[in-house]
Amino acid sequence: MNDRHERGALEPKVFEAEIVTDDVPGSGPRSALTKWWGAPGTAHLRAVAAYRFRKLPRDFLRLAWFVLRGHGRWMAKAWTWATYGDLRADARAARVAGDSEARRQAQELIRADSKARWGRFAIVLHRCVVSAAVVAPVGLVLWCVDSWMVREDMWPWLAQLLNLIGTGWEVVKTVASALLLVGPVGWIVAAAWEGRDKEPGASWLTRPDRDDADSWIDERMVSKALGHLGIAPLNTFFKNGGELLYSIPARRDGNGTFVQVRLPLGTTADMVADRRDKLAANLGRAKLETWPTEGDEAGVLDLWVADKGALAGGAGEWPLQHDRQLDVFDGVPFGLTQRGVVVNAPLIEANWLIGGRPGQGKSAALRTLLLGAALDPTAELWIFVMGESPDFDPFEPRASRYRMGIDDAVAEAAVAALEDLSTEMERRGKVLGEQPGRPPKVSRKLADKAGLGLHPLVCAIDECHELFQHPKFGKRAAELAVRVIKRGRKYGIVLLLATQSPTKDSIPREVTRNVSCGVAFSVADQIANDGLLGAGKYRAGIRATDLRMKTDRGTCVAVGVTDAAFELIRTFYVPFEDEVDMVTPVIHRALAVVREHGREITSRPVIEAVPVDHLADVATVMRGERRVPTRVVLARLAEHNPAEYEGWTFSDLKATLAQYGFGPRKSGGVQVIRAEDVGEALSRRGGSG
């Protein structure tokens, strides 16, 4: 038995193991808290906590000073209230000013306020006495009853009333005990709040020695910077303890920080923009890195502040430098905004005015736009350089028209081109009117449709001030340019103008008013700034005058390029210098793209403009009626030939008819055109209409 037991006995197996509980490392609340505290998202919180811990002794003394100052302010307010300090100050001011009437009114207000105050005190005292006279006897009776009788022998309602009173008394004692503990803490907190620093932007959780202190911007810093601009309404607002309303709090916006502030009464965004240099200094930035502009209202300030040094670098290589073609309907890569976003500059339905002092990037920016247009195989390029400059020589094989020089022949060719653009607008207007559905503008589909001739047509004039100031062709060039800018956008015709002399004499005012996109590199003064960007832009804080010569070369202020009020753009630069030519390879690639699409580039002849017969057109729109109101005639003319008559006014119609010996007449209280007058004019001319 023993042997069998020994032979068949099961020896227990031993396993190496350890007891596992629910407290797995890394799964408990403490571990989760540790992970959260060490997460990258809490880096700012850790930095602030560590900084405040080091500053704890200083913060304690600061709080103690706040408590003392808070009590002092309370005492000052109490003294002012008790002695009618504000009203007495009015009386003293009136006495100093010699205004006896104002002094008398202030003294009467003091007496009236004193009488009213004592009257209110008497009413309160009377009510307290009456309440005590009622409550005291009742309380005494209830106390006597409760002392002499057992509650089980009382009436049930009386016992319940006494129980309720007892419970209420216990609650009162409990609350009073809590108040004895919490009250002093609340009192100290209230005193510290009253005694806090009321200087704008007083910071409690700032960390001036943080690693990214150069780039850090928050509402406190903005408020403090605004409070030290020397603007009187802002100073008064902050002195009275006001706090600014941030409709958009400080937030990251590209390479900087954006905030939107509702300014106090009497302060406008223009006032802040006028002190931009001081605001930049207060924020520790260069002027170029600080952009205060007017928001939706005059009292709303939009402020964008760049990270320190973020705008120092260039835009980098042009995205289309080595490959790809382009659709001009999608825009041309133009540069990087101040937020670091690539700008696709619009060409179709847009016209451009580019300017700035010499050597700041004006011609390079125009060249970038033309390179983008050249990479669209459907686009036709006309280029005129009003000076002896080789900046656009590589474009000659890609352009249908290219002239360069300072002689009168180049100016005459540019004016002829503008005349042809005007005639081309008329032709395209008729073609659009013949399309199904009468589309209002040229689209990509229509531009690609063979036989219509609605392809994009881009005309660029560099140093356009030479053309507009030309003694012989300048006036006509200005008239035609304004006409093309106003009406050509919906016909796929784009006008690009560049100048280094943006003055009121060199650039027609109507050109500045009507261009879609204004681009200003470094300019010398407000006149040049608004001549490129539009009237009032300087006052609104949109200023290219702050761009520095050479230092900010290639950086421009642009309006109309995006939906924003303005953009600070670092433009792409395609080198074209003595030793580096990156423009010609792009042109070669553009020519190859054109050939791949089966198109040819031929020198476009001057379009022979067919003269418009205004009298015959008027006869046509009369439609056999004897008398037609002038407003109806104008509407029908615009419908008949939009390119010619769109925008005509009564004065234009009257002046044209006067050339034929008649004009509008009054009939039934309105100005009309009479069919017999038109017929007689046609007869005199020897035509039949």
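Is R252 buried or exposed? I looked it up, bearing in mind that this is a predicted model: R252 is exposed, with a relative accessible area of 52%.

Next I checked its partner. The side chains of R252 and D307 meet in a salt bridge, 2.7 Å from N to O. I noted that this pair links distant parts of the chain, with R252 in strand 1 and D307 in the loop between strand 4 and strand 5 (332-336), 55 residues apart. D307 is buried, at a relative accessible area of 12%.

Strand 1 then took me to the sheet. I found four strands in an open sheet, ordered 1-2-4-3, with antiparallel pairing. Its edge strands are strand 1 (245-253) and strand 3 (290-294), each pairing on one side only. On average, neighbouring strands are turned by 15 degrees against each other, direction ignored. I also looked at what packs on this sheet: helix 8 (residues 219-226) touches strand 1, strand 2 (256-262) and strand 4, and its direction makes about 120 degrees with that of strand 1.

Strand 3 is joined to strand 4 (residues 300-306) by five bridges. Here I saw T290 standing opposite V305 in strand 4.

Back to salt bridges: I got a count of 34. One of them pairs D376 with R444, the closest N and O atoms being 3.2 Å apart. D376 sits in the loop between helix 12 (362-374) and strand 8 (380-385), and R444 in helix 14 (residues 444-448), 68 residues apart. D376 is buried, with 1% relative accessible area. I finished on the network here: salt bridges with shared partners join D327, D376, R444 and D448.

Notes
Residues are numbered from 1 along each chain as its sequence is written. This is a predicted model: local features need pLDDT of at least 70, side-chain atom pairs count only at pLDDT 80 or more; totals for chains, interfaces and linings use all residues. Side-chain values use heavy atoms; hydrogens and water are left out. Two strands pair if DSSP finds at least two bridges between them. Helices (H or I, at least four residues) and strands (E, at least two) are DSSP runs, numbered from the N terminus. Axes are lines fitted to C-alpha atoms, for helices over the stretch in contact, and angles run from 0 to 180 degrees between N-to-C directions. Contact means heavy atoms within 4.5 Å. A salt bridge is a side-chain nitrogen of Lys or Arg within 4 Å of a carboxyl oxygen of Asp or Glu. Buried means under 20% relative accessible area, exposed over 50%, partly exposed in between (1.4 Å probe, protein chains only).
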